[in-house]
Amino acid sequence: MSAAIRLAIVGLGKIARDQHLPAIAATDGVELAAIASRNAALDGVPSFATIEELLAADVSVDAVALCTPPQGRFEQAHAALHAGLHVFLEKPPGATLAEILILEKLARLKGVTLFASWHSRFAPCVGAARTLLADNPPSHVRVTWKEDVRHWHPGQQWIWEPGGLGVFDPGINALSILTAIVPQALRLDRSDLSFPANRAAPIAASLGFSGEAVTVEAEFDWRQTGPQIWDIEAQTRAGTLLLSEGGARLTLDGDEIAAGEDAEYRGLYARFVELVRGGQRDVDVEPLVHVADAFMLGRRHAVEAFEDEVA
Ligand code: NAP
């Protein structure tokens with residue numbers, strides 16, 4: 001049996017604590033070897049302030065999981081790949097497309113794994129939805145991704161800065177599922193973006209896509225209070241498919257055909273172990289391409305200023 005991959009977490013923040021630590025503990029083939037975080041450490045685990053300090057230290061690591069915000073992650077990924085480490089990138093894989101192309105080239109040159117992770121693709125019913133749509137290509141798809149930014153991102157300022165993506169931070173999860181389950185290639189042809197008067201990133205987006213014999217509408221909104229909605233509804237000749245709760249539930253004409261428990265991050269780590277063991281890379285930028293297109297083609301609408309009361 002191969003030795004476990006010794007992995008360091010970079011950026012011990014919300015997602016690292018909520019998901020990465022438990023998933024690493026639950027996954028065979030990977031173990032936590034170090035932390036690099038400016039303001040956080042873990043008892044009993046070698047901890048460093050930055051990835052540069054980690055790389056210079058006498059601690060053996062094979063891989064890093066970059067759990068920092070997208071802005072600034074390129075330098076960390078570049079340093080890790082340059083040092084010959086495998087790299088697991090949180091979503092979105094970068095703040096720009098060019099930086100991912102550079103990282104992929106470097107990973108190839110160094111012969112190491114680069115994994116651009118899309119956790120929503122590992123939601124329990126995404127595979128069943130993909131199989132159903134492969135046999136019954138949709139004619140129309142409606143994506144509704146509406147959540148309360150104050151609940152999910154209390155006090156986070158990077159999401160509102162350039163590169164933070166605003167409402168596309170959750171919206172890109174929907175796009176990662178959409179591009180995994182719809183068999184037709186899609187192209188964005190309309191984008192309306194709502195920017196709060198005091199912010200550099202949109203709080204809502206309304207998008208239109210088309211592909212061969214299919215149209216897609218997507219509505220992303222961060223101002224949702226009450227029930228949170230993460231739905232993808234597809235019209236097919238077999239009926240109306242509804243993938244809801246972010247991919248946890250699948251119905252066809254109202255009848256439940258699949259449901260499951262959340263194990264997205266365990267799925268991601270199992271995939272990462274498989275990639276490292278197989279000497280492979282997995283870097284799909286399609287969800288980020290659509291987001292970039294939404295900014296390129298976007299019509300800007302000014303909306304009410306957004307104040308985040310939580311300090
Ligand atoms: P976060 O808690 O705001 O940031 C993670 C950690 O990164 C922070 O604790 C901080 O640690 C470090 N950091 C923050 N700003 C930094 C900067 N400018 N330079 C260097 N380090 C910085 O963010 P998060 O919610 O965990 O999200 C991180 C990534 O995971 C994002 O790409 C996000 O889209 C993705 N993600 C988040 C969630 C979620 O529910 N939050 C879900 C899925 C994916 P130190 O101050 O200790 O260095």
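Me: Is Arg-121 buried or exposed?
Reply: This is a predicted model. In it, Arg-121 has a relative accessible area of 19%. The cut-off for buried is under 20%, so Arg-121 counts as buried.

Me: Which residue does the side chain of Arg-121 meet in a salt bridge?
Reply: Asp-284, with 2.9 Å from N to O. Asp-284 is partly exposed, at 24% relative accessible area.

Me: Why would side chains pair up like that at all?
Reply: Side chains of opposite charge can pair when their charged atoms come close.

Me: How many salt bridges does the structure hold?
Reply: 11. One of them joins Asp-62 and Arg-6, whose closest N and O atoms are 2.9 Å apart. Asp-62 lies in the loop between helix H2 (51-56) and strand S4 (63-66), and Arg-6 lies in strand S1 (residues 5-10), so this pair ties together parts that are 56 residues apart in sequence.

Me: And what does Asp-221 pair with?
Reply: Its side chain meets that of Arg-223 in a salt bridge. Asp-221 is buried at 16%, whereas Arg-223 is partly exposed at 43%.

Me: Changing topic. In what order do the nine strands of the open sheet come?
Reply: The order is S14-S13-S12-S11-S7-S10-S9-S8-S15, with mixed pairing. Strands S14 (255-259) and S15 (299-303) are at the edges with a single partner strand each, so one side of each has no neighbour in the sheet. From one strand to the next, the twist averages 15°.

Me: How many bridges join S8 to S15?
Reply: Five, and the two strands run parallel. Pro-196 stands opposite Val-303 in S15.

Me: Which strands does helix H7 lie across?
Reply: H7 (residues 168-181) lies across S7, S8, S9, S10, S11 and S12, at about 155° to S7. Helix H9 (residues 286-296) lies across S8 and S9, at about 65° to S8.

Me: Back to H5. Which of its residues are buried?
Reply: Val-126, Ala-129, Leu-132 and Leu-133. They cover an arc of only 125° around the axis, so they are on the same side of H5.

Me: What do those buried residues pack against?
Reply: They pack against H7, S11, S12, S13 and S14.

Technical notes. Residues are numbered from 1 along each chain as its sequence is written. This is a predicted model: local features need pLDDT of at least 70, side-chain atom pairs count only at pLDDT 80 or more; totals for chains, interfaces and linings use all residues. Side-chain values use heavy atoms; hydrogens and water are left out. Two strands pair if DSSP finds at least two bridges between them. Helices (H or I, at least four residues) and strands (E, at least two) are DSSP runs, numbered from the N terminus. Axes are lines fitted to C-alpha atoms, for helices over the stretch in contact, and angles run from 0 to 180 degrees between N-to-C directions. Contact means heavy atoms within 4.5 Å. Buried means under 20% relative accessible area, exposed over 50%, partly exposed in between (1.4 Å probe, protein chains only). The arc is that of the directions from the helix axis to the C-beta atoms. A salt bridge is a side-chain nitrogen of Lys or Arg within 4 Å of a carboxyl oxygen of Asp or Glu.
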